[in-house]
Amino acid sequence: MAHRELKDRIYPQFARIGQALANEKRLELVDLLAQAPRHVDALAQETGMSVANVSQHLQILRTANLVDAERQGNMTFYRLSDPAVVQLWLALRGVAESRLAELKEIARNLPGRQDANVVSRDEVKGLIKGSAVLLDVRPRQEFDAGHLRGAINIPIDELPDRLSELPPESRVITYCRGEYCLFADEAAEFLRANGYDVARLEGGWPEWQVEGRPVKIGVRK
């Protein structure tokens with residue numbers, strides 16, 4: 001095979017992945033599916049899109065083999081086809097963070113991020129060995145699909161009613177869907193207002209997972 005012929009055959013295949021991801025709504029779907037498998041109705045509710053639009057975007061992702069579908073009863077659940085898809089999404093995001101001034105400005109002004117009380121992922125193990133509580137505030141479905149080992153789950157909308165489950169003398173480290181999810185920030189603000197020593201984890205579930213750190217799946221504490 002001649003060099004030119006090879007290039008003319010392989011680059012269109014690479015472009016299929018770029019084309020599948022070249023839409024902000026499909027990127028949001030990838031970000032959500034990095035948390036847990038979901039059916040179309042749930043994705044539509046999360047994204048504010050119609051079921052028809054979500055289905056269309058999922059078909060494009062599926063054609064590029066970035067998403068798989070599995071029938072469960074009368075519903076079809078979608079999941080990312082490979083952990084490498086999460087790595088690709090975070091790599092794309094990382095390049096955007098380093099190259100786009102607009103994104104840096106948005107990140108600087110996220111609510112609560114001016115507070116320096118952030119715990120790095122490397123610090124978590126030592127803090128949990130002490131008396132710190134690692135609090136996952138994502139929905140239960142996402143926690144059950146996978147979470148940081150040692151974490152407990154109190155979804156953000158249940159936190160006011162379940163505050164007594166957190167020992168007041170312990171430091172609480174909140175985390176959620178990732179760097180651009182605000183659930184952990186909202187939880188930290190609420191807990192701080194109620195007298196807790198609280199910090200937000202740097203990043204969240206996807207960042208922790210792709211780094212090969214300890215996780216648990218299907219176990220709710």
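Trainee: At what angle do the axes of helix 5 and helix 6 cross?

Mentor: This is a predicted model, so read every value as computed from it. Angles from 65 to 115 degrees count as roughly perpendicular. Here the axes of helix 5 and helix 6 (residues 101-108) cross at roughly 95°. They come within 6 Å. The two helices are therefore roughly perpendicular to each other.

Trainee: Which residues make the contact?

Mentor: Helix 5 brings Ala-96, Glu-97, Ser-98 and Arg-99. Helix 6 brings Ala-101, Leu-103 and Lys-104. By type, the contact of helix 5 with helix 6 has 3 nonpolar, 1 polar and 3 charged residues.

Trainee: How are helix 3 and helix 4 arranged, and how far apart are their axes?

Mentor: Apply the angle rule again. Helix 3 (residues 40-47) packs on helix 4 (residues 51-63) at about 110°. Their axes are 9 Å apart. That angle makes helix 3 roughly perpendicular to helix 4.

Trainee: Which residues of helix 3 and helix 4 meet?

Mentor: From helix 3 come Val-40, Asp-41, Leu-43, Ala-44 and Thr-47. They meet Val-51, Val-54, Ser-55 and Leu-58 of helix 4. This contact divides into 6 nonpolar, 2 polar and 1 charged residues.

Trainee: Is Arg-93 buried or exposed?

Mentor: Buried means under 20% relative accessible area. Arg-93 has 13%, so Arg-93 is buried. This arginine lies in helix 5 (residues 83-99). Leaving out residues up to four places away in sequence, Arg-93 touches Glu-179, Tyr-180 and Glu-207.

Trainee: Which residues of helix 2 are buried?

Mentor: Helix 2 (residues 24-33) buries Arg-26, Leu-27, Leu-29, Val-30, Leu-32 and Leu-33.

Trainee: What caps the N-terminal end of helix 2?

Mentor: For a cap, look for a side-chain atom facing a backbone atom at the helix end. Here Asn-23 does the capping. One of its side-chain oxygens lies 2.8 Å from the backbone nitrogen of Lys-25.

Trainee: How many disulfides does a search of the whole structure find?

Mentor: A disulfide needs two cysteine sulfur atoms within 2.5 Å. The search finds 0. As for the cysteines, Cys-176 is buried, at 0% relative accessible area. Cys-181 also counts as buried, because its relative accessibility is 10%.

Trainee: Where is Asn-65 found, and what is its phi near?

Mentor: Asn-65 sits in the loop between helix 4 and strand 2 (67-72). Its phi is near 60°, a positive value in a residue other than glycine. Exposed means over 50% relative accessible area. At 55%, Asn-65 therefore counts as exposed.

Terms used:
Residues are numbered from 1 along each chain as its sequence is written. This is a predicted model: local features need pLDDT of at least 70, side-chain atom pairs count only at pLDDT 80 or more; totals for chains, interfaces and linings use all residues. Side-chain values use heavy atoms; hydrogens and water are left out. Buried means under 20% relative accessible area, exposed over 50%, partly exposed in between (1.4 Å probe, protein chains only). Helices (H or I, at least four residues) and strands (E, at least two) are DSSP runs, numbered from the N terminus. A polar contact is a pair of N or O atoms within 3.5 Å; within protein, one must be able to donate a hydrogen and the other to accept it, and residues adjacent in sequence count only if both atoms are side-chain atoms. Contact means heavy atoms within 4.5 Å. Axes are lines fitted to C-alpha atoms, for helices over the stretch in contact, and angles run from 0 to 180 degrees between N-to-C directions. Angles under 35 degrees count as roughly parallel, over 145 as roughly antiparallel, 65 to 115 as roughly perpendicular and the rest as oblique. Ala, Val, Leu, Ile, Met, Phe, Trp, Tyr, Cys and Pro count as nonpolar, Asp, Glu, Lys and Arg as charged, and the others, Gly among them, as polar.
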